[in-house]
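Here are my notes on this one, as numbered points. Have the model open while you read.

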Amino acid sequence: MNHFGRTLHRIKAISSFGSVKKGDIGGWIEAEENLPESGNAWVFGNALVFGNAWVSGNAWVSGNAWVSGNASVFGNAWVSDDARVSDDARVSGNAWVSGNAWVSGNARVSDDAWVSGKARVSDDALVSGKARVSGKARVFGEYDFITMGPIGSRSDITTFYRLKQGGIGVNCGCFNGTLDEFEAAVHETHAGNEHEKAYMAAIRMAKEIMIHD
C-alpha cells in the first residue's frame, strides 16, 4: 500500500503466539524493524506502523491506529481505534491509548495510564500511574494534569486535566466531565459525608495547582 509516498506491507503470522494464530492476517508495517519477531507484539486490522517506529514485547496496535516517526509501543501497551503515537513518544507498561487520542513529541504514557477521547499528550509530558486523561484534554507539561487517590466511595483514582477550551476536566470512576460538573455531582451524591470532604479537598488542591500555578 502506498501511504503518503511510503510503501507499507500487510503482515501475516508465520507461527502462532498469544492470541494470534498461524496464518492470521494483520495490519501494515513499512519494514521488518517496525515489528521485531521477539515477543508477542502484533499489529491488527488496518493499523499502521511506519517510519522508525516499533512495536515490541506484548504490545498491540489495532483498529485504524498509527504509530510513526521514532515512536515506540512496548510492554503490554495497547494503541487502538483511531489513536496516533508519533515523533519520539513512548507508550509502555499496561498503558492504553484509544479513541482519537494523540501522543506526540517526547511524551510518555506508562504504567496503567489511559489516554482516550480526543485527548492530546505532547511535548515532554509524562502520564503515568493510574491516570485517566480523556475528553478534550491537553497535556503538554507537568501541571497539565494531576492524579489523587484512592479517594471516595469507590476508592478510585481521580484525574484532573486541562481542557482544550480552557478550564479543568475530571475523570473519576464512571464520571467524566468538567470540574464544575464534578463539584456539583459530589455535593449531590455525598452531601455531608466523609467522601464529600475528601473530594472537595481534592478539588481545592486541583484548583490551587492548575489554576494558580
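1. Start with the sheet: 8 strands make an open, mixed one, ordered β3-β4-β6-β9-β12-β15-β18-β21. Strands here are DSSP runs of E, at least two residues, and helices are runs of H or I, at least four residues, both numbered from the N terminus. Two strands pair if DSSP finds at least two bridges between them. The edges are β3 (9-12) and β21 (138-139); each has a single partner strand, so one side of each has no neighbour in the sheet.

2. Before going further, the ground rules. This is a predicted model, where local features need pLDDT of at least 70 and side-chain atom pairs count only at pLDDT 80 or more, while totals for chains, interfaces and linings use all residues. Residues are numbered from 1 along each chain as its sequence is written, and side-chain values use heavy atoms, with hydrogens and water left out.

3. Now the β3 end of the sheet. β3 pairs with β4 (residues 25-29) in the antiparallel sense over 3 bridges. His-9 sits opposite Ile-29 of β4, and Arg-10 has Trp-28 as its bridge partner there. β4 and β6 (residues 48-49) run parallel, joined by 2 bridges, with Ile-29 opposite Val-49. As for cover, 4 of the 5 residues in β4 are buried (under 20% relative accessible area; exposed is over 50%, partly exposed in between; 1.4 Å probe, protein chains only).

4. Leaving out neighbours within four places in sequence, Ser-98 has contacts (heavy atoms within 4.5 Å) with Ser-80, Asp-81, Ala-83, Val-115, Ser-116 and Gly-117.

5. Val-115 also turns up in the largest nonpolar core, which has 44 residues; Val-115 and Val-127 touch the most other members. A core here is a set of buried Ala, Val, Leu, Ile, Met, Phe, Trp, Tyr and Cys residues joined through side-chain atoms within 4.5 Å. Apart from that core lies another, of 16 residues, including Phe-160, Leu-179, Val-186 and Met-210. Not counting residues up to four places away in sequence, Val-127 touches Val-115, Val-133 and Phe-145, among others.

6. Finally, the whole chain. The protein chain has 2 helices and 25 strands, and its C-alpha atoms fill a box of roughly 60 × 30 × 20 Å along the principal axes. Buried residues account for 45% of the 213 residues. Of contacts between residues at least 6 apart in sequence, 16% join residues at least 24 apart.
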